[in-house]
Amino acid sequence: MGSAILSDLATEIVIPVCAVIGIVFSLVQWFLVARIKLSSDRHSSSSNNGKGAGYGDSLIEEEEGLNDHNVVAKCADIQNAISEGATSFLFTEYQYVGVFMVAFAILIFVFLGSVNSFSTKSQPCTYNPQEMCKPALATAIFSTISFLLGAVTSVVSGFLGMKIATFANARTTLEARKGVGKAFIAAFRSGAVMGFLLAANGLLVLFIAINLFKLYYGDDWEGLFEAITGYGLGGSSMALFGRVGGGIYTKAADVGADLVGKVERNIPEDDPRNPAVIADNVGDNVGDIAGMGSDLFGSYAESSCAALVVASISSFGIDHDLTAMCYPLLVSSMGILVCLITTLFATDFFEIKAVKEIEPALKKQLIISTILMTVGVAFVSWIALPSSFTIFNFGSQKVVKNWQLFLCVGVGLWAGLIIGFVTEYYTSNAYSPVQDVADSCRTGAATNVIFGLALGYKSVIIPIFAIAVSIFVSFSFAAMYGIAVAALGMLSTIATGLAIDAYGPISDNAGGIAEMAGMSHRIRERTDALDAAGNTTAAIGKGFAIGSAALVSLALFGAFVSRAAISTVDVLTPKVFIGLLVGAMLPYWFSAMTMKSVGSAALKMVEEVRRQFDTIPGLMEGIAKPDYATCVKISTDASIKEMIPPGALVMLTPLIVGTLFGVETLSGVLAGSLVSGVQIAISASNTGGAWDNAKKYIEAGASEHARDLGPKGSDPHKAAVIGDTIGDPLKDTSGPSLNILIKLMAVESLVFAPFFATHGGLLFKIF
């Protein structure tokens with residue numbers, strides 16, 4: 001078997017050091033963004049970067065004779081309003097989520113403690129009955145602690161992301177006065193702050209938790225890593241509420257602002273006369289930033305937990321080989337270093353001079369990080385793994401070589417890139433699919449909707465093949481552990497992925513602030529260009545999140561099947577098949593709830609915006625100020641109330657099915673929800689993204705074709721706005737929340753597997 005080149009002591013040092021490097025790097029980026037002053041002291045803002053001084057730093061505002069001081073003060077005011085709105089919403093959301101967190105923690109303790117009637121005696125190990133392991137009560141206590149740890153880390157990740165985004169949005173607007181390159185760097189650096197903080201925090205907290213739990217568990221690694229799975233459950237359950245609540249908030253405001261403002265009143269996007277405009281900009285931060293942050297943190301935590309659980313019952317765990325055991329964490333550590341180098345390519349090595357260079361720069365980030373990461377993973381696999389070892393494979397041990405494990409991670413990594421680029425092809429207005437959708441607006445909204453739906457369904461094909469190939473290759477090489485590390489491979493460049501993702505909403509907000517502060521048309525064009533690139537990259541980010549969710553949940557499913565001692569999942573048995581049918585239905589039920597929530601919240605918003613336009617004299621003329629606060633309150637109240645039923649559906653399904661119908665039916669439910677959820681999530685995200693960019697394509701009027709369809713306010717443009725409005729809840733609420741549904745049900749089933757295996761299936765026992 002041999003041993004790894006890297007010693008256990010070196011592993012214990014390398015992982016936290018990489019995490020700390022990530023945190024320090026994010027603080028440096030934050031410091032650089034903070035140097036852009038939100039005051040009218042112009043000299044400080046233009047002298048902070050000697051590079052490109054001269055023409056690049058001359059403020060356009062001066063050429064156009066606008067009062068610089070007023071513009072900066074307005075930007076600062078708007079930024080404060082957005083920041084306050086986002087903070088107050090998240091605090092309200094976290095109060096509700098906090099109650100749930102405590103209740104669910106008690107539930108975990110009671111269910112897992114009751115497996116052995118709360119006995120404190122040691123018990124035979126699950127996978128090796130000759131050995132004695134720690135009592136089930138210990139697993140209950142430590143699973144509860146790791147659940148709370150994961151939940152708190154997830155909430156903190158989302159909150160910090162939102163704070164950084166609201167700190168950076170106005171600064172990006174002000175930098176846009178010096179040119180598009182400066183604005184890009186401000187937005188991208190702010191995204192990087194969030195990406196690195198999240199990746200490093202997730203890794204550090206998990207590493208510290210493992211070491212603290214080890215003080216009690218000692219050599220019982222099977223029990224230790226079973227308890228650690230609670231970390232993934234905590235992360236994802238918070239992400240669910242963040243995604244659904246934030247998604248309902250942002251889309252209620254967006255749909256309300258668009259329908260009344262653009263379609264009925266014919267005023268531009270983000271016009272300060274629109275009462276819903278602040279709520280719309282707040283929504284970008286609570287949905288796309290805080291929700292996205294928690295979501296990707298959850299994926300990261302779960303893929304690490306799935307890999308660790310399988311490794312603990314393989315030769316790594318049996319031989320107590322710490323370095324090989326920590327392979328998933330070492331891959332993530334390497335990811336932080338790789339992403340750090342990649343980020344410098346965007347901010348320091350190359351400067352963006354023109355609008356058309358923005359999107360290629362973001363795409364290069366993905367390609368560079370993937371290529372460097374492939375080399376990094378090869379290095380980690382060489383130093384951290386023995387040349388050959390065994391991996392648990394449903395009851396038997398499979399012999400695996402270290403190069404096979406490298407290929408598993410590599411397959412996941414490259415599959416992620418493929419999914420990203422396919423998503424981009426279907427959602428970017430630079431390619432024919434979106435241009436076809438825009439063209440269909442000539443004949444009205446109905447044809448636009450038909451074309452958009454067809455595009456979404458078609459965009460599922462290649463990503464599913466990519467996921468299928470990566471599952472087949474990684475399972476053939478290293479069973480379920482292979483699939484878990486493939487998911488980790490896809491998420492290994494999470495810091496770069498998140499930086500690109502967070503960049504989008506920051507640019508979107510920057511454009512909104514420019515419009516509201518009454519800045520010149522040229523500034524708005526620059527922020528729009530940043531935003532359009534951000535829209536496409538956001539779709540790429542969602543593609544990554546959905547692809548990794550499919551792999552993560554399959555790996556968790558494998559770990560659950562092993563833990564629940566099911567030898568085979570036979571689709572032909574009625575118990576499993578009914579589960580399969582119900583599981584496949586769940587994503588539809590969940591989507592119906594989230595879509596309807598957005599619809600009913602948007603209805604209230606539309607009525608309120610119309611009321612203000614009708615009853616506030618001088619609002620359309622720009623003399624009177626709208627009542628922004630009422631619209632913010634409508635969004636907040638609706639999203640808090642409406643996020644509870646979809647959340648309850650996802651959290652309670654595994655508990656009810658496992659307890660009443662047993663582990664076999666539950667395995668069917670998990671398989672069904674995975675298979676149908678991935679398809680709906682990809683098509684919903686891409687349909688919405690395509691409609692959004694078709695509208696932007698017509699608005700930008702960059703080509704002859706687009707100018708034929710335009711300008712803003714033309715019939716094709718109005719049809720495009722309707723398509724975009726329908727797509728909003730698809731791409732920002734239902735689609736992204738579905739990947740959490742798939743993962744969360746799987747990780748929850750794994751955490752409660754000991755209880756289900758012992759006491760589950762009550763109905764079948766009675767009848």
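Modeller: Tyr217 is buried, at 2% relative accessible area, where buried means under 20%, exposed over 50% and partly exposed in between (1.4 Å probe, protein chains only). Keep in mind that this is a predicted model, where local features need pLDDT of at least 70, side-chain atom pairs count only at pLDDT 80 or more, and totals for chains, interfaces and linings use all residues. Residues are numbered from 1 along each chain as its sequence is written, and side-chain values use heavy atoms, with hydrogens and water left out.

Colleague: How do the rings of Tyr216 and Tyr217 pair?

Modeller: Rings of Phe, Tyr and Trp (its six-membered ring) pair if their centres lie within 6.5 Å; planes under 30 degrees apart are stacked, over 60 edge-to-face, and the rest tilted. The structure holds 32 aromatic pairs. For Tyr216 and Tyr217 the centres are 5.2 Å apart and the planes at 85 degrees, so this pair is edge-to-face. Tyr216 is partly exposed, at 35%.

Colleague: And salt bridges, how many are there?

Modeller: A salt bridge needs a side-chain nitrogen of Lys or Arg within 4 Å of a carboxyl oxygen of Asp or Glu. The structure holds 34. One of them joins Asp295 and Arg243 at 3.5 Å, N to O. Asp295 lies in helix H8 (residues 277-312) and Arg243 in helix H7 (residues 221-264), so the pair ties together parts 52 residues apart in sequence. Helices here are DSSP runs (H or I, at least four residues), numbered from the N terminus.

Colleague: Are Asp295 and Arg243 buried or exposed?

Modeller: Asp295 is buried at 0% relative accessible area, and Arg243 counts as buried at 2%.

Colleague: Which bridge involves Asp732?

Modeller: Asp732 meets Lys542 at 3.0 Å, N to O. That pair links distant parts of the chain, with Asp732 in helix H24 (residues 715-759) and Lys542 in helix H18, 190 residues apart. Asp732 counts as buried at 5%, and so does Lys542 at 11%.

How values were computed
Helix = DSSP H or I, 4+ residues; strand = E, 2+ residues; numbered from the N terminus.
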